[in-house]
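Biologist: Please take me through the labels on this model. For each one I would like the value and the rule behind it.

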Amino acid sequence: MSTNGVVFPPELVQAMRQAGHIVASTGAGVSAESGVPTFRDAQTGFWAQFKPEELATPEAFAANPERVWQWYAVRRRRVREVQPNPGHLALAEMERRARRFTLITQNVDRLHQRAGSRNVVELHGCILSVRCPRGHHVIEDYQDAADEAVPRCPLCQAYLRPAVVWFGEELPAHALEAADTAARQCEVFLSIGTSTLVYPAAQLPFTALECGATVVEINPQPTPLTDSATYTFHGPSGVILPQLLKAVWGEMAAPQNP
Ligand code: OAD
């Protein structure tokens with residue numbers, strides 16, 4: 001089956017139509033076409049310019065809270081400026097069309113929810129929220145003030161931190177359990193825009209494979225999953241996902257205002 005270039009095998013189209021449960025697991029690549037940089041792409045990825053251990057660890061925050069806070073403040077502003085792209089919108093539409101659909105994401109930008117996705121499992125937290133490291137205080141949808149010092153917890157005076165998961169930290173247990181359960185139960189697992197290098201998220205497509213799911217990878221570059229995936233489509237998710245949606249369920253409905 002072909003839609004404007006991409007050829008989707010009829011077995012895949014059939015598997016998605018018949019699936020009782022589809023899982024999509026996304027990484028930074030799905031937001032790249034919205035203008036949010038990825039982490040590991042050469043030249044443009046964050047980790048090509050910055051050392052993760054200086055910005056995305058509890059030790060980095062303890063050593064230099066101001067620097068870490070400012071880096072996240074810049075990213076927070078950027079995420080608020082950008083818009084969901086056709087890949088996010090196609091995934092939200094898939095959720096409306098599929099019998100059951102779980103979206104697991106390593107992204108912290110909330111673009112899936114802004115595109116209309118509802119059943120979203122955030123594995124790495126959300127950059128828009130900040131919290132007390134001791135659990136006293138959370139501010140959802142934190143609004144940055146210009147030239148602001150690192151704010152403190154009103155209860156214990158600790159510096160507030162972005163509500164994301166840093167290297168060396170545990171993922172939220174409820175999110176990890178929901179993701180693992182969905183990977184074990186689904187018939188089709190889509191792995192989209194992730195380098196499949198960061199665990200435990202990187203384990204999920206392999207778990208789905210072991211449990212008999214059809215695993216589809218969408219990524220312009222090969223990853224450690226590529227050789228094992230049932231199907232691989234090399235290209236940007238903002239191009240491939242709308243075509244996949246159309247091949248499986250027909251024309252996409254007009255985008256909803258979330
Ligand atoms: P990476 O930056 O590691 O990988 C992004 C992937 O997206 C790469 O495989 C690219 O080839 C692919 N990509 C680029 N443009 C794309 C496009 N238009 N469409 C589809 N794919 C595209 O990002 P993640 O795998 O999400 O963790 O990284 C995982 C985690 O590592 C992140 O959540 C973050 C990071 O350090 C923490 O901060 C804890």
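Biologist: Why is aspartate 141 called partly exposed?

Modeller: The relative accessible area of aspartate 141 is 45%. Buried means under 20%, exposed means over 50%, and partly exposed is what lies in between, with a 1.4 Å probe and protein chains only. So aspartate 141, at 45%, is partly exposed. This is a predicted model, in which local features need pLDDT of at least 70, side-chain atom pairs count only at pLDDT 80 or more, and totals for chains, interfaces and linings use all residues. Residues are numbered from 1 along each chain as its sequence is written, and side-chain values use heavy atoms, with hydrogens and water left out.

Biologist: Where is aspartate 141 found, and what is its phi?

Modeller: Aspartate 141 is in the loop between β7 (138-139) and β8. Helices (H or I, at least four residues) and strands (E, at least two) are DSSP runs, numbered from the N terminus. Its phi is positive, about 55°, although aspartate 141 is not a glycine. Most residues other than glycine have a negative phi.

Biologist: Which loop holds threonine 196, and is this residue buried or exposed?

Modeller: Threonine 196 is in the loop between β9 and α10, and it too has a positive phi of about 55° without being a glycine. Its relative accessibility is 4%, so threonine 196 is buried.

Biologist: What makes the bond between tyrosine 199 and proline 200 stand out?

Modeller: The peptide bond joining tyrosine 199 and proline 200 is cis, with omega about 5°. Most peptide bonds are trans. Proline 200 sits in the loop between β9 (188-192) and α10 (204-210).

Biologist: Why does proline 154 count as exposed?

Modeller: Proline 154 has 52% relative accessibility, and therefore counts as exposed. It belongs to the loop between β7 and β8. Its C-alpha is 9.0 Å from that of cysteine 132, although 22 residues separate the two in sequence.

Biologist: Why is threonine 102 called buried, and what does it touch?

Modeller: At 5% relative accessibility, threonine 102 is buried. It lies in strand β4 (residues 101-105). Leaving aside residues up to four places away in sequence, threonine 102 touches His21, Ile22, Val23, Ala24, Asn119, Val121 and Ala182. Contact here means heavy atoms within 4.5 Å.

Biologist: How do you know that the span of α6 is close to the expected one?

Modeller: α6 has 17 residues, and 24 Å separate its first C-alpha from its last. The expected span is 1.5 Å times one less than the number of residues. That gives 24 Å for α6, so the span is close to expectation.

Biologist: Which residues of α6 are buried, and what do they pack against?

Modeller: Pro65, Val68, Trp69, Trp71, Tyr72, Ala73, Arg75, Arg76 and Val79 are buried. The buried residues of α6 pack against elements including α3 (46-49), α5 (58-63) and β6 (125-131). Glutamate 81 is also in α6, but with a relative accessible area of 54% it is exposed. The C-alpha of glutamate 81 is 9.7 Å from that of serine 34, 47 residues away along the chain.

Biologist: Why is the largest pocket said to lie between the domains?

Modeller: Domain 1 (2-36 + 82-124 + 174-249) and domain 2 (46-81 + 130-164) both give residues to its lining, so the pocket lies between them. The domain bounds come from an automatic or database domain assignment. Seven residues of domain 1 are in contact with seven residues of domain 2, and the domain centres, taken over C-alpha atoms, are 29 Å apart.

Biologist: How much space lies in the largest pocket, and which residues are closest to its centre?

Modeller: The largest pocket holds about 980 Å³. It is lined by 50 residues, with Ala28, Thr38, Phe39, Arg40 and Ser195 closest to the centre. α6 gives the most to the lining, four residues.

Biologist: What makes one space a pocket and another a cavity?

Modeller: On a 1 Å grid over the protein atoms alone, a cavity is a set of points where a 1.4 Å probe fits but cannot get out, whereas a pocket is an open set with protein on both sides within 12 Å along at least five of seven lines; lining residues have an atom within 4 Å of a point. Points are joined across faces, edges and corners, and the volume is the space filled by probe spheres set on them. By this rule there is one cavity of 30 Å³ or more. The largest cavity holds about 50 Å³, and its lining includes Ser25, Gln106, Phe189 and Thr196.
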